[in-house]
Amino acid sequence: MIELFFAVAFSAVPLTLYVPPIRSLNIFVETVEQLLRCCAVYTLTAYPRVRHAFSRLFNSAFRLLR
């Protein structure tokens, strides 16, 4: 059982190299939050337009298929 523990422990050690430090992670999270805040305003205004455009396209396609 101890051999299994050491095998798992030593195989997991290289994975710690892929985890960024906490201070870098905070900057990344802050940047993503800022990006989402900027995009939310655009998305709220663009969504009704896109929905209307797709409904017009589907309506005209269904009319052609009749």
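Is R37 buried or exposed? R37 counts as exposed, at 56% relative accessibility. Here exposed means over 50% relative accessible area, buried under 20%, and partly exposed in between, with a 1.4 Å probe and protein chains only.

The model is predicted: local features need pLDDT of at least 70, side-chain atom pairs count only at pLDDT 80 or more, and totals for chains, interfaces and linings use all residues. Residues are numbered from 1 along each chain as its sequence is written, and side-chain values use heavy atoms, with hydrogens and water left out.

The protein has two helices and zero strands. These are DSSP runs numbered from the N terminus (helices: H or I, at least four residues; strands: E, at least two). Of its 66 residues, 2% are buried. Areas follow the Shrake-Rupley method with a 1.4 Å probe; for residues, only the protein chains shown count as cover.

One salt bridge was found in a search of the whole structure. The term requires a side-chain nitrogen of Lys or Arg within 4 Å of a carboxyl oxygen of Asp or Glu. The partners are E33 and R37, with their closest N and O atoms 3.8 Å apart. They sit four residues apart in helix 2, so about one helical turn separates them. E33 is partly exposed, at 42%.

A nonpolar surface patch consists of V50, F54, L57, F58, F62 and L65. Together they have about 670 Å² of accessible area. Patch residues have over 30% relative accessible area and no salt bridge; like charges are joined within 9 Å, nonpolar side chains (Val, Leu, Ile, Met, Phe, Trp, Tyr) within 5 Å. V50 lies in helix 2, which spans residues 22–65. V50 is partly exposed, with a relative accessible area of 41%.
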